[in-house]
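Please look over the sequence and the fold below before reading on. The paragraphs that follow go from single residues to the sheet and then to the parts around it.

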Amino acid sequence: MAHRTLFLLPGDGIGPEAMNEVRKLITYMNDELGAGFETDEGMVGGCAYDAHGAAISEADMEKATAADAVLFGAVGGPKWDSVPYDVRPEAGLLRLRKDLELFANLRPAICYPALAKSSSLKPEVVEGLDILIIRELTGGVYFGEPKEIIDLGNGQKRAIDTQVYDTYEIERIAGVAFDLARTRNNKVCSMEKRNVMKSGVLWNDVVTAYHKAHHSDVELTHMLADAGGMQLVRWPKQFDVIVTDNLFGDMLSDVAAMLTGSLGMLPSASLGAPDGKTGKRKALYEPVHGSAPDIAGQGKANPIAMIASFAMCLRYSFEMIAEADRLEKAIANVLDKGIRTPDIAEKGAPTVSTVEMGDAILAE
Ligand code: NAI
Ligand code: MG
């Protein structure tokens with residue numbers, strides 16, 4: 001039997017509620033499909049701080065590093081709003097991203113047919129939408145040095161953030177985009193601001209050269225990131241895979257998220273470089289949403305974002321493509337049947353609980 005190790009970090013708020021629904025799927029896959037998942041579980045975020053004064057313990061970091069994949073729920077909540085900065089709940093997630101070198105953030109924007117009609121946008125614009133935004137996650141202006149606020153002494157201050165990208169960082173994120181495009185519709189659109197930023201010039205040059213050398217079978221286009229934002233709203237179906245830097249990717253993926261409905265529907269994956277020996281990438285899968293303290297503990301959370309994150313895990317960490325397709329189809333079928341948690345229900349329509357939604361997907 002295959003050995004596939006999963007490290008579960010449910011976290012705070014609705015994180016554990018959503019993770020419970022994934023646990024049912026793992027049990028089913030082990031018992032009925034012989035999937036051979038071995039799971040272990042740790043603590044991250046506020047619960048980890050309460051237990052041992054850190055947002056994630058060293059022991060759990062070791063387990064996360066050793067596992068084939070990490071499934072992450074959500075962290076944070078008002079209870080921990082005033083804990084020291086370096087042990088705040090988010091520090092656990094940032095530590096995982098940094099130590100596992102998860103440089104590629106994958107954010108799909110999929111609009112399920114059953115939800116297209118209730119979207120705040122025109123149904124013809126979003127129906128059947130299926131795009132993948134790939135954001136560089138460990139470089140760029142969020143991390144570049146110098147990064148400081150200088151007191152100029154005359155009542156004025158100066159804030160400095162620095163955008164830095166090296167060739168290898170652009171090549172490896174472009175490589176992820178081209179590889180994934182081949183498993184989809186073979187189209188990549190790279191976005192930067194080469195008209196005003198040196199990092200945009202280098203980004204464009206490196207993506208173009210890397211494409212020519214290794215992936216010329218994939219269709220490559222370039223777009224200025226601001227125009228890209230406009231096109232995402234105007235006609236998103238023109239895109240398949242979008243690859244962009246950390247800052248633009250942060251914004252563009254949030255824009256794309258709103259094309260698809262609730263935060264409760266959005267999965268994500270963060271991948272590292274392939275291991276030199278095994279070829280396996282370190283990976284963490286998490287819903288886009290946070291710990292939703294306003295609905296935590298009430299059975300109102302939509303588990304689909306977490307379940308769809310698990311589907312990404314099957315696809316990208318274990319090459320269980322048929323199983324991933326089947327799970328995504330199960331989600332679509334449940335939505336087609338009109339089964340809705342409160343966040344995706346029409347006003348006044350009947351709703352189901354977190355557990356009932358998980359059960360319905362499992363049954364499909
Ligand atoms: P949030 O994503 O937790 O919630 C925003 C709104 O969306 C809330 O009204 C919530 O009820 C709703 N919502 C979110 N997920 C849902 C789901 N699965 N089903 C139904 N409704 C859902 O963001 P917010 O309120 O800004 O942050 C709450 C806490 O979560 C904060 O402590 C924040 O720091 C943390 N956070 C953690 C993240 C993570 O763990 N990756 C990401 C974002 C926020
Ligand atoms: Mg963002």
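R135 counts as buried because 25 other C-beta atoms lie within 10 Å of its own; a residue is called buried if 20 or more other C-beta atoms lie within 10 Å of its own, exposed if 12 or fewer, and partly exposed in between, with C-beta atoms placed from the backbone. This is a predicted model, in which local features need pLDDT of at least 70 and side-chain atom pairs count only at pLDDT 80 or more, while totals for chains, interfaces and linings use all residues. Residues are numbered from 1 along each chain as its sequence is written, and chains are lettered from A and ligands numbered from 1 in the order in which they are written.

R135 sits in strand β5, residues 130–136, where helices (H or I, at least four residues) and strands (E, at least two) are DSSP runs numbered from the N terminus. Leaving aside residues up to four places away in sequence, R135 touches N105, R107, T244, N246, G249, D250 and S253; two residues are in contact if their C-beta atoms, placed from the backbone, lie within 7 Å.

D226 is found in helix α9, residues 225–234, and it counts as partly exposed because it has 15 C-beta neighbours inside 10 Å.

The sheet to which β5 belongs is open and has 10 strands in the order β2-β1-β3-β12-β11-β4-β5-β10-β8-β9, with mixed pairing; two strands pair if DSSP finds at least two bridges between them. Strands of a sheet pair through backbone hydrogen bonds, either parallel or antiparallel. At the edges are β2 (37–41) and β9 (219–224), each of which pairs on one side only. Neighbouring strands of this sheet are turned by 20° against each other on average, direction ignored. Within the sheet, β4 (residues 104–110) runs antiparallel to β11 (residues 267–274) and is joined to it by 3 bridges, and N105, one of the residues that R135 touches, stands opposite S270 in β11.

Which strands does helix α11 lie across? Helix α11 (residues 304–317) lies across β3 (69–74), β11 and β12 (281–287), and it runs at about 165° to β12; axes are lines fitted to C-alpha atoms, for helices over the stretch in contact, and angles run from 0 to 180 degrees between N-to-C directions.

Most residues other than glycine have a negative phi, and most peptide bonds are trans. A292, in the loop between β12 and α11, has a positive phi of about 40° although it is not a glycine, and A292 is buried because 24 other C-beta atoms lie within 10 Å. E319, in the loop between α11 and α12 (321–336), likewise has a positive phi, of about 50°, but E319 counts as exposed because it has 10 C-beta neighbours inside 10 Å.

A cis peptide bond, with omega about 0°, joins E145 and P146, and P146 lies in strand β6, residues 144–151. Strand β6 is hardly covered, since the count of buried residues among its 8 residues is 0. Its antiparallel partner is β7 (residues 157–162), joined to β6 by 5 bridges, with D151 opposite K157 and I150 opposite R158. The hairpin of β6 and β7 has 5 residues between the strands, and in it G153 takes a positive phi near 90°. Of the 6 residues of β7 the number buried is 0, so this strand too lies largely in the open.
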